[in-house]
Amino acid sequence: MKKILIAAWFMTGFAAFAQTADTTLDPMKDKDLMTWYHQDFASSNVYGVNTQNAYKFLESKGLTPKPVIVGVLDSGVQVDHPGLIQNMWENPNEVPNNGKDDDGNGYIDDVYGWNFSGGKNGDIDIDNMEVTRVVKKYQPIFEGPNSTENKANQAKMPAEFAMYMTSKEIFTKKSVEAKQNYETYKRIQQMIPSMISLLNGQNLSPEVLATIKPATPEQMMAVNVLGQISRDPSMAGKSPAEVQKALEGQMKEALDYYEPQATKQYNLDYDPRASMVGDDYDNYKEKNYGNNHYEGPDAKHGTHVAGIIAGLPQGDQIQYGVGYKTAKIMTVRAVPDGDERDKDVANAIRYAVDNGARILNMSFGKPVSPGKEVVWEAFKYAESKGVLLVKAAGNDNEDIAEHVYFPTNYKSVEDAKPFINNMIVVGASTKDNEFLRANFSNYNQKLVNVFAPGTEIYSTVPKNTYEYLQGTSMASPVVAGAASVLLAHMPNLTPAQIIESFVKTSNKSTVNAMISSNTNNRFDLISEAGGVIDLKKAAEYAYTNFYKPTSTKIAPSKVKKKKVSRK
């Protein structure tokens, strides 16, 4: 699911911001905030990833980077964004827009990548959640009108029945929540004019709010919302017009998030796939479908992810990705507004690997996975080719040993080790040392490898602009970009060595992890590393333990002596 937390006052993101905000600067002008996740913990006491010192260390060793292709398996990317275009991968064997499959890989005009969420009849924007698809498929089989047949099917298909029951429980709960939240935010949106009138022309402040005496339940709700907004330092002292503009923006974001859930994602009768893509979804062997619409209907998420990996400063923008000197972005669209389909994920992995990607970023996930075996086979394929998989841990504030978040690198949470050695799973951290775990981030000491910055992350978005977003979706590309720095300078590194370098050198913290359990409720106990990655330390570790310099000596060539004819 590509959607992430709403980035301000009305979701858990508000709490995260309120905990970390220590400036009254407008976030869109605060250059320190825009680049905080690059900071060096040792000198700033902020858990950034120490980007620039890593480059300095590697350069001091005389290492010259060779660009690394990073596949962004996501919602799409604005490939001509000024902050990205110079770091986009281009297929060297494809002639743009000639309508031919020049390189013979089965995909026509795949210059910047491919789109598995589209077809000749359009591109999927909103799709179902996976639990919706499972309930729709199996409800007639397990809970149809014939109880005898139902019981027989349940006994004959125990794995499918267990997945159905899990999906049904989630579907029932989440569909109700989506409708309730949609109605709540729609109501707040409708209240905005009356809410602003309560300010009576005065700028927003706690003192002004204290003078308001609500006469109706609606006014009481309005005062409560204004009170939440007033806690944001960037809103302090704002005029009624500025407050209104901010509210309208936030309500649009909230409704954009919940309306699709309420009307389509949890709707058993909604299915855009057949008419648009036209593939046989149950045929997991099918791979030659889709189109080259790299951006798709909504590339906000993927473009933001790409910028975190490889964004370049443009004009007065100072945003840059962790791998801005080392990464080239290949976009593979496989994640709609809803849950990704296992068939698309498997095909996206194989496409990216076959076209030269050495790192794949996967900022998506879901609680059930009907085609998990096909995805696992693609994982094994990537492993056989030495490709690193970087995966977001998820945004549900859950222990993923108790609430599985697919796709996984463990076939069972009880397994002692993952079945592949090339995946790193990433949780999200903040810049607040007391509340270091982002309060939405999933966690587990065995199943999450590392944490990385994932709140208040400023990066590229469509229409040549920039925004702050947050989620483990943002933490994962921080690690993907960091991995590209290591691999570009030390091409011999294996995925397992890169993962070890990050895990062994993370900056640890024993601060309260703010999880619901009273057991192991410390930040150093909710991931394998017990801390936030430090790219410079990882570079030092990899260089010391794994780097093998390649010979630069050129073997002398044998030159045939010309025979001189004697006349």
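The model is predicted.

**Two serines**

S75 sits in a loop. That loop runs between strand 1 (68-74) and strand 2 (113-115). S75 has 0% relative accessibility, so S75 counts as buried. The cut-off for buried is under 20% relative accessible area. A polar atom of the S75 side chain lies 3.3 Å from the backbone oxygen of D298.

S459 has its place in strand 10 (residues 457-461). S459 is buried as well, with a relative accessible area of 0%. The S459 side chain reaches the backbone oxygen of H304 at 2.8 Å. P407 is 52 residues from S459 along the chain, and the C-alpha atoms of the two are separated by 26 Å.

The two side-chain contacts are set out here.

| Side chain | Backbone oxygen | Distance |
|---|---|---|
| S75 | D298 | 3.3 Å |
| S459 | H304 | 2.8 Å |

**Helix 13 and helix 14**

Two packed helices are described by the angle between their axes and the distance between the axes. Helix 13 covers residues 342-354, and helix 14 covers residues 372-384. Their axes come within 8 Å and cross at roughly 10°. Angles under 35 degrees count as roughly parallel. Helix 13 and helix 14 are therefore roughly parallel to each other.

Which residues meet in this pair? Helix 13 brings D342, V345, A346, I349, R350, V353 and D354. Helix 14 brings K372, V374, V375, E377, A378, F379, Y381 and A382. The residues of this contact divide into 10 nonpolar and 5 charged, with no polar ones.

**Nonpolar cores**

How many residues does the largest nonpolar core have? The count is 71. Residues with the most contacts inside this core are I309, I359, V450, V479, L486, F502 and I533. Helix 15 (residues 472-489) gives the most to this core, with 11 residues.

I359 is one of those residues with the most contacts.

Another core, of 52 residues, lies apart from the largest one. Among its residues are V335, A352, L436 and F451.

Technical notes
Residues numbered from 1 in each chain as written. Predicted model: local features only at pLDDT ≥ 70, side-chain atom pairs only at ≥ 80, totals over all residues. Heavy atoms only, no water. Helix = DSSP H or I, 4+ residues; strand = E, 2+ residues; numbered from the N terminus. Buried < 20%, exposed > 50% of the residue type's maximum accessible area, 1.4 Å probe, protein only. Polar contact = N/O pair within 3.5 Å; in protein donor to acceptor, adjacent residues only side chain to side chain. Axes fitted to C-alpha atoms, helices over the stretch in contact; angles between N-to-C directions. Parallel < 35°, antiparallel > 145°, perpendicular 65-115°, else oblique. Contact = heavy atoms within 4.5 Å. Nonpolar A, V, L, I, M, F, W, Y, C, P; charged D, E, K, R; others polar. Core = buried A, V, L, I, M, F, W, Y, C linked by side-chain atoms within 4.5 Å.
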